[in-house]
Amino acid sequence: MPPHGSALGPGSATPGLLHAPVPAGRARRAVLRYATPAWAVGCFERRGWGGEAHGRLAEACVGWRVRALRRCSQRCSLPCQQESMMFKAIVIDKDTAGYRAHLRELEEAQLPEGDVTVRVAYSTLNYKDGLAITGKSPVVRQFPMVPGIDLAGTVEASSHPRFRPGEQVLLNGWGVGESHWGGLAQKARLQGDWLIHLPEAFSARQAMAIGTAGYTAMLCLIALERSGLTPEHGEVLVTGASGGVGSFAISLLSRLGYSVIAATGRPEEADYLKALGASRIIERAELSQPGRPLAKERWAAAIDSVGSHTLANVCAGTAADGLVAACGLAQGMDFPASVAPFILRGVSLLGINSVTRPYHERVHAWERLAAEVDQQHLQRITREVGLEEALTVAHELLEGKVRGRVVVDVNH
Ligand SMILES: NC(=O)c1ccc[n+]([C@@H]2O[C@H](COP(=O)([O-])OP(=O)(O)OC[C@H]3O[C@@H](n4cnc5c(N)ncnc54)[C@H](OP(=O)(O)O)[C@@H]3O)[C@@H](O)[C@H]2O)c1
């Protein structure tokens with residue numbers, strides 16, 4: 001069923017739907033035979049064809065191929081804006097030439113399956129994105145892969161009941177950027193079940209300044225609160241303090257009245273950490289070497305994004321009946337500890353996984369972020385880069401040279 005001409009064109013059964021000249025002959029046949037549904041729908045919208053014709057055309061387009069994009073551009077005399085079908089993305093390839101991440105132009109038809117297509121405004125760089133882009137750890141499960149575990153943007157198309165075109169949405173985790181194309185791109189196609197609406201309190205840029213790091217810091221805080229922690233219990237230690245999770249953990253805890261000890265390997269960042277609300281700074285080296293099973297009781301609770309010996313020493317130094325929320329592995333994935341803090345002091349270790357939290361937990365955490373994030377701290381924590389620069393900054397992130405959060409403007 002041809003979208004142009006006899007069936008729907010002037011004088012057809014649905015008169016008045018076509019307001020623009022149509023391509024003819026071979027160009028038209030090329031469009032009909034090969035264009036992808038999304039391409040065709042976009043093209044029809046630009047020409048002002050809507051309503052019934054739109055629906056029928058979208059249906060008729062199913063099965064058409066992307067080869068037409070090239071054919072069409074060669075043969076069609078209309079300004080069909082083929083370039084709007086192309087989008088920029090960081091792509092990770094692994095083949096005989098090795099493992100590499102680079103900036104590429106992709107066609108929308110290459111997007112993976114999903115029931116929501118999002119025009120991405122901002123993404124961000126988390127530790128995991130650093131691992132994916134550099135290839136330092138095997139977080140990417142299939143190739144080619146578009147990295148980016150976070151994104152915020154506008155719904156372009158949706159068959160998911162919760163989301164409509166034009167709505168602002170947000171995604172953290174769900175294996176996006178690892179096993180499903182992610183947010184370091186101008187377009188993404190995702191499962192609507194992974195998305196939530198962007199909280200009104202935040203712009204897309206602000207939400208990505210928070211990203212998985214800030215969201216995880218909030219999940220840690222919620223876990224500590226649910227286990228009964230209040231500011232009256234005493235000081236709370238934050239490790240990996242200058243990093244993304246660490247910076248947000250300090251800011252959120254201090255805003256809620258907790259007294260915060262920041263453990264950092266970057267003493268030169270003391271002013272930054274104090275500005276976020278840390279009341280004392282300790283050297284990362286105090287915690288990163290093998291220690292004793294039980295040490296002096298130094299803090300009532302902790303948020304640890306470092307793992308390995310640091311987490312073992314954090315537990316060993318936690319006061320009786322204290323709490324440790326563990327979410328990261330910046331030092332290592334190992335946990336060379338003894339059970340002494342748990343069985344002799346009643347310390348509780350709370351594991352935090354941000355990736356697959358159910359919908360209501362994600363919405364709750366973001367509502368808490370909307371209520372508790374200090375906008376001035378957000379500004380202080382954040383630096384912005386474009387897609388290309390993100391490739392370099394990913395390496396710096398893993399070298400521990402990045403302070404706070406990196407927002408990626410995918411359109412620059
Ligand atoms: N469980 C989850 O769902 C979840 C979610 C988000 C993040 N994470 C994990 O949490 C960790 C932090 O993520 P992030 O995005 O905050 O990363 P980040 O911005 O790179 O921060 C990590 C911080 O850890 C410290 N650090 C780095 N290397 C270290 C080492 N060898 N020994 C001790 N400390 C070291 C540094 O802080 P200083 O320079 O101040 O010492 C660094 O800034 C990562 O392991 C990440 O995978 C887990």
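**Figure 1. Secondary structure of the predicted model.** In this predicted model, the chain contains 14 helices and 15 strands. Of its 412 residues, 48% are buried. Among contacts with a separation of 6 or more, 70% join residues 24 or more positions apart.

Figure 2. An open sheet is built from 6 strands with parallel pairing, arranged in the order 10-9-8-11-12-13. Strand 10 (278-283) and strand 13 (348-351) stand at the edges; each has a single partner strand, so one side of each is left without a neighbour in the sheet. From one strand to the next, the twist averages 20°.

**Figure 3. Strands 12 and 13, with helix 10.** Strand 12 (residues 318-326) pairs with strand 13 in the parallel sense, and 4 bridges connect them. Ala 326 has Gly 351, in strand 13, as its bridge partner. Helix 10 (residues 308-316) lies across strand 12 and strand 13, and also across strand 8 (236-238) and strand 11 (299-304). The helix runs at about 150° to strand 12.

**Figure 4. The shell around the ligand.** The ligand is surrounded by 33 residues, of which the closest are Gly 240, Ser 242, Gly 243, Gly 328 and Ser 354. By class, 18 residues of the shell are polar, 12 are nonpolar and 3 are charged.

Figure 5. At least two residues of the shell around the ligand come from each of helix 5 (127-134), helix 6 (204-226) and helix 7 (244-255). Domain 1 (86-198 + 377-409) and domain 2 (212-351) each provide at least three residues of this shell.

Definitions and conventions:
Residues numbered from 1 in each chain as written. Predicted model: local features only at pLDDT ≥ 70, side-chain atom pairs only at ≥ 80, totals over all residues. Buried ≥ 20, exposed ≤ 12 C-beta atoms within 10 Å, placed from the backbone. Contact = placed C-beta atoms within 7 Å. Pairing = 2+ DSSP bridges. Axes fitted to C-alpha atoms, helices over the stretch in contact; angles between N-to-C directions. Near = placed C-beta within 6 Å. Nonpolar A, V, L, I, M, F, W, Y, C, P; charged D, E, K, R; others polar. Domains from an automatic or database assignment.
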